[in-house]
Amino acid sequence: MALLEVRDLKTHFTTDDGVVKAVDGVSFSVEKGKTLAIVGESGSGKSVTCLTVMGLNPRRGVEISGEALFNGRDLIKLRGEELRKIRGDEMSMIFQDPMTSLNPVHTIGGQLREAVLVHEKVPKQQANARALEMLKAVGIPRAETRMDDYPHQFSGGMRQRVMIAMALINNPDLLIADEPTTALDVTTQAQIISLMTRLQRDFGSAIILITHDLGVVAETADEVMVMYAGRAVERADYKGLFYEPHHPYTWGLMDSMPTLSGEDTELTPIPGTPPSLLRPPEGCKFNPRCRFVMDICRTEEPELKEVPGSPAHLERCHLDEAVKQAEIERIATERLGAVS
Amino acid sequence: MIRYLIRRLLWAVVLFIAVTAVTYALFFIVPADPARIMAGKSASPAEVERVRKALGLDDPIYIQYAHFLKKLVIEGSLGTSYANRQEVNDIVKSAAPVTASLVFGGMIVWLLIAFPVGVYSALRPRSKTDRAAMVGVLIGISAHPVWIGLLLSYFFGYRWQVTPIQGYCEVFSPPPGQSQCAGFPIWQWAYHLILPWITIAVLYAAFYVRMIRSNTMETLNEDYVRTARAKGVKESTVLRSHVLRNAILPVVTMLGMDLALALGGAIFTEYVFGLPGLGKEAVDSIRRFDYPTTVGITVFATVVVITFNLLVDILYAYIDPRIRLS
Amino acid sequence: MRKRPSLWLSLAALLVGLGLLVSACGSSSSNSSSSGGSTTGSAGAGQKGGTVKVLLADDTDYVDPALAYYQISWQFEYSTCLKLLNYPDSAGDAGSQLIPEAAEALPEVSADGKTYTFTVKSGLKFSPPSTEEVTAETFKFVIERDLNPKMQSPAASFISDIVGADDYIAGKAKDVKGVVASGNKLTITLNDVAPDFLSRIAMPFFCAIPTDTPIEPKGVKSVASAGPYYVASWTPNRSMIIKRNPNYTGDRPAFPDEIQYQMGVEPDQAVLEVKQGNADYIGDGTPPAQNAELGSTLGPDSPVNGTDKQQFFVNPILSVSYLAMNTTRPNFDNEAVRQAVNFAIDRQTILDQSGKYAGTPSDQMLPPGIPGFQDEDIYPLDGPDVATAKQKLSDAGVTTPINAVLYTCDTSPCPERAQVIQDNLKAIGINVTIKRFDRNIQFQKEGVKGEPFDIADEGWFADYADPYDFINILLDGSNIQKTGNVNFAYFTDPEWQTKMADAAKLSGDERFSTYGQLDVDISKGPAPWASRSNSNQIDLFSSRVGGITFHPVYSMILNALYVKQ
């Protein structure tokens, strides 16, 4: 059985202007020890999905439905105290901006200890030892002295390492990382990613990695889910997504990646802007920005269906399979620089 | 941290000199003639001149200022009152504890009101309690302390006889002749200050409720609060250790400034409730053209405010590690 | 005597927008509606015992008799002091007749009228902690202490006419030659004849105090005295206790065991405290806005008026509120203009600005309580007489409009008064520009010779009960200096000056009746002033005190109050 099984998750926010359907029917699963990457732009609902799973949404003005089975228990039905016990212990989350994610008036050591002591009544020394151990594990030099330092005395990259340490200190089964490297420079990015993969091996946790960067996905993901306007538009394993992308949005993402060969003189972004979640477009939510838009796209929302021949690969698009195969060819040649 | 402290100390000295010089200039800007006032209305011009000489009022300005500074710095004396020839030091010594009791006690009361109300409002925005609190805040800011004081004194003191109508009772060595203070001194002291504390607290509680509410709401949205929740920390601990611990930082700085304001506003409360404090003394001295007392009290109050702000800055530096360790 | 100019201002009144009692030499007029506890007769009998509690808005100025110069301190000094001559504990005219106290009898006066010889009684003892007895030496000591330049006592200006005083003050002599104490005889010689000397020597400045009382420029904080009471302790700004003097053998009333003062009580609160019975007397006045209500429930306009349940009392005091007209200025140097002003002003309406019971309208310089006062109808008291005023102007050939500058104070009710006056004078063609100042500054500016004002809104309280303190002090043009003047009319007519000087040399009934006539004549003729009113003292007592006797000179006889058992 999967570690985490999410079915038809919906998170709607009631605002003064109306209902915002941030997540509108998302399903996925994560296997033990594996990495699922959730890709999409801002507003796609990728963060809210994970916040909902963790139970970190505000208490008022939110309606949640669906199922999120974690180790057999439905997190959606849990909420409250039960969920809190699981949070930080069996599953944990790190966030995008390390500069602001740590409390400035408590020491690093204190915040790490807190993560331990909240879930286990152990003597302070023991919590301290664990904290120290984790700091070393994430590669903080001179960890003993650094325990008593404050967040502002660490660089951005260091702080993200601390965050990772804090997230893994209780040996969670699942780590959710919401754009962990977006706020960091490229070199640090690489370090963090390699740290995470190493720790995943050592600790055996599953990872949900939220990102908009396909490069990061390529390095880390076992499974990938592409989200758009609160829904999944494509879901596949790593090979399936990169070598057989079946959705115009995915094609757009791949087209907008700069290549290493330096042949591009300009970047090709996806035209248009993210859709309003208050009054989303009729039919397929991507239709205003789609190069291949047809009449049917404007009136009927496509269902999520299996790609012929690959039952684990799902996509949501009205286009003919033939058209899709043509794009697959083009991308393989232009973007990936090779024939599969 | 040391450099920070030294810098603050140096500024404190500069500020002190500036304020005393400007206040001292009062003597020469206001047209009233203290010699005339001291000598009495029936005194002949010759007698008025005699008084003027005796007070040193016929010396040039800079000489008078020099005498004043010398007395202040070397002898620690704030001067002698023109009105009743008392040492201003004595006037301040007897009035300062009264104002201190009023202002610090009032401060505690307003913080005790503002914290729970402000935090609760921040946690439950737009709830009935929050809206009621905001109305309360509006009233608190708009109502004049004299009006509040007189109302409280009339109803609680006179009509319902729950508290004294007015008056101040010393905590230590109460002077003889105050039969309304008979009883256990500390109790009588606090009992007589209940209404004054409430009066002073109303205005500041209103400000602080608003400030604490908005600070708390802001802090609640901070990323590190989300991190704490993600760690599985209990909500009450999140509130205490993560939210409030940060939200109070600006409050600490405001307290320093508000002490200065409260000292000034204390005048109204002191008048209504007959508290013989610095505010009342200062206003009385201004009306009587008793410059030494006015200047003396201003100097003293300046020192107090500067010192308190310095202490608040030190405290702030201590509790905010970002400043302590820079 | 000073009512401490700005201390009369009730700040609560200011803050809450109530009217104010007028400051020191500011004034309000009295109304002659009867009031008073006893307005005639001596202080009645009562039971001994109990504590009378007095509330004050402002502290007393000093406890040291050499320095105390304030209505409040003089009031309690009346109960504590033993003087050579004193005023009897009576209301009405009887209370302003000097009688011997420490002296066996009124002094012998020498043939040339300049030397007074007192015989001091024996066996008069001071209160604790002193063990001294009162002798002639005592009074020599008191006079010299008052003249001592180190003390800087305001008393000095009242006895500067004693022989040798100047030398003593200048440090040229070790004592005052004109004061001789020998055995039980005290002889005082003046430079010139001055029969008002007896009134002056009865001022509280000349209270008997022990000869070991130090020369303290700041004023001593407690002092033994030889009257029925003594000041046992004074904590400035807090409280004062006055206790009955166990060593007093005289027959002045001394009912309460103790009189306690509490300072710094705001008048509105003081009223509540007295009504609730937590205190017995508001020593320095009620808030004017409450007077009407208090008067109609507990005072002259209430059912309890005249009974022993009356708590609120209105009594006239020795003061006059007036408009001084600067006789050195164009137009106002003309008698006809000044008389016209006297006819034009609406005294009652002006008085009304100060609130109910504030005073009584008056058209003369002396207040009714001064010995020798003759009541005459000179100018209209109940409303302006515009016709006569205009007539006066046209008869004298004065063309209107004329401009005039009025100086007044800047706190209520001065501005309100000024507006009424402006209105009144406009009706007869005088356009008034109002200039407002802080009370102290107003007083000072008006005292500068040549200051450009035409009319000054002024008032004066008696230092002692003799017409000299009004007429000569305020209108004698021979003393005019560059600054510091109080003759705000700058009245220097030599004919009248001579009359004033001559009157000052008279004594006894002749003195008083001459002054009484002088008052009428000056008011009718040269009219340097437009007198407006005489002020009232307004007092509120709790329901538990009796023996409330209003004294014409010191306003309240504290030692005659008793606690009803």
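How far apart are the mean positions of the positive and negative charges of chain B?

**View 1. Charges of chain B.** In this predicted model, chain B carries 30 positive and 21 negative charges, and their mean positions are 9 Å apart. Lys and Arg count as positive, Asp and Glu as negative, while His and the chain ends are not counted; each charge is placed at NZ of Lys, CZ of Arg, CG of Asp or CD of Glu.

**View 2. Helices of chain B.** Chain B holds 13 helices and zero strands (DSSP runs of H or I with at least four residues, and of E with at least two, numbered from the N terminus). Its C-alpha atoms fill a box of roughly 85 × 55 × 35 Å along the principal axes. Of its 326 residues, 54% are buried (under 20% relative accessible area, with a 1.4 Å probe and protein chains only).

**View 3. Chains in contact.** Two pairs of chains are in contact, and chains B and C share the most contacts (heavy atoms within 4.5 Å). No contact joins chain A and chain C, whose closest C-alpha atoms are 46 Å apart.

**View 4. Strand E10 of chain A.** Asp237(A) belongs to strand E10, residues 231–237. Asp237(A) counts as partly exposed because its relative accessibility is 38%, between the limits of 20% and 50%.

**Notes.** Residues are numbered from 1 along each chain as its sequence is written, and chains are lettered from A and ligands numbered from 1 in the order in which they are written. Local features need pLDDT of at least 70, side-chain atom pairs count only at pLDDT 80 or more, and totals for chains, interfaces and linings use all residues, while side-chain values use heavy atoms, without hydrogens and water.
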